[in-house]
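Please look over the sequence and the structure shown here, and then read the notes below, which are grouped by topic.

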Amino acid sequence: MRFGHVAWGFALAENMYCWGSSDHLLRRPMSDLIALAQYSHVPPGGDIDFWSEQGSYEAMLESMSSEHHIQHHQDGEEIHYHINYHGFKELHHPGGDPDRALHEMKLVKAGGWSLLTNNCIDQTYRILDAFGAGSALVDPRQRYRSLQLATIIPKKWFASAAGRSSPLEQKIRQPQAQSIRGY
């Protein structure tokens, strides 16, 4: 529906990054109202199509622009789903706490998903805020104080983040030794 989707990435050390998302894909037609209602809420511990990786800055950009991040097995056959990201922003801020961000990432992975209160905006904000970059982002909890599009629509939220925006070129990813999958 062209609302967009956001993911996150943060520095662990010199040229070592962690990135990922809870893609929470709708695998049924939008006309399937039962599936759409079930999609709107996943309880804690449920499958939210969470994925994460670690590697160099270049590996992060390549991974975000292409690849099948989520793998499922159905009837003995491996099926790949993915969201290719089209742009990124560099958020400049002093310091950064990768340990807090990694801890928050584990909470997000196990915390379910909700269309109105725990979606990709909320989860990305929580992880980047734990890292220390929250001041560059619109706090999605503001959506209940004022109905700002930047708190509801991922594309608008991304656009409102303070930072230099750059496009990601779509690529076919080759396996890289410096990229570590962290499901």
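Glu-104 counts as buried at 15% relative accessibility, where buried means under 20% relative accessible area, exposed means over 50% and partly exposed lies in between, computed with a 1.4 Å probe and with protein chains only. This is a predicted model, in which local features need pLDDT of at least 70 and side-chain atom pairs count only at pLDDT 80 or more, while totals for chains, interfaces and linings use all residues. Residues are numbered from 1 along each chain as its sequence is written, and side-chain values use heavy atoms, with hydrogens and water left out.

**Salt bridges**

- The side chain of Glu-104 meets that of Arg-126 in a salt bridge of 2.6 Å, N to O, a salt bridge being a side-chain nitrogen of Lys or Arg within 4 Å of a carboxyl oxygen of Asp or Glu.
- This pair links distant parts of the chain, with Glu-104 in helix H3 (residues 98-110) and Arg-126 in helix H4, 22 residues apart; helices (H or I, at least four residues) and strands (E, at least two) are DSSP runs numbered from the N terminus.
- Arg-164 counts as partly exposed at 48% relative accessibility.
- Arg-141 forms a salt bridge with Asp-139, their closest N and O atoms being 2.6 Å apart, and Asp-139 is buried, with a relative accessible area of 13%.

**Strand S2 and its partners**

- Six of the seven residues of strand S2 (residues 16-22) are buried, so this strand is largely enclosed by the rest of the structure.
- Strand S1 (residues 8-13) runs antiparallel to S2 and is joined to S2 by five bridges, where two strands pair if DSSP finds at least two bridges between them.
- Within this pairing, Trp-8 stands opposite Gly-20 in S2.
- S1 and S2 form a hairpin with two residues between them, and Asn-15 in the turn has a positive phi of about 50°.
- S2 also pairs with strand S4 (residues 50-55) in the antiparallel sense, over six bridges, and Cys-18 stands opposite Gln-54 in S4.

**Helix H2 and Met-64**

- H2 is mostly covered, as seven of its nine residues are buried, and among the buried residues are Ala-59, Leu-61 and Met-64.
- What covers the buried residues of H2 includes S1, S2, S4 and S7, contact meaning heavy atoms within 4.5 Å.
- Met-64 is found in helix H2 (residues 57-65) and is buried, with a relative accessible area of 10%.
- Not counting residues up to four places away in sequence, Met-64 touches Ala-7, Trp-8, Trp-19, Trp-51, Asn-84, Tyr-85 and Leu-168.
- Met-64 and Gly-20 are 44 residues apart in sequence, and their C-alpha atoms are 8.1 Å apart in space.

**Aromatic pairs**

- The structure holds five aromatic pairs, counted when rings of Phe, Tyr and Trp (its six-membered ring) have centres within 6.5 Å, with planes under 30 degrees apart called stacked, over 60 edge-to-face and the rest tilted.
- The rings of Tyr-39 and Trp-113 have their centres 5.1 Å apart and their planes at 50°, so this pair is tilted.
- The pair links distant parts of the chain, with Tyr-39 in helix H1 (residues 33-39) and Trp-113 in strand S8, 74 residues apart.
- Trp-113 counts as buried at 6% relative accessibility.
- Ring pairs also link Trp-8, Phe-10, Phe-50 and Phe-131 into a cluster.

**The chain as a whole**

- The protein chain has five helices and 10 strands, and buried residues make up 43% of its 183 residues.
- Among the contacts in the protein chain with a separation of 6 or more, residues 24 or more positions apart account for 68%.
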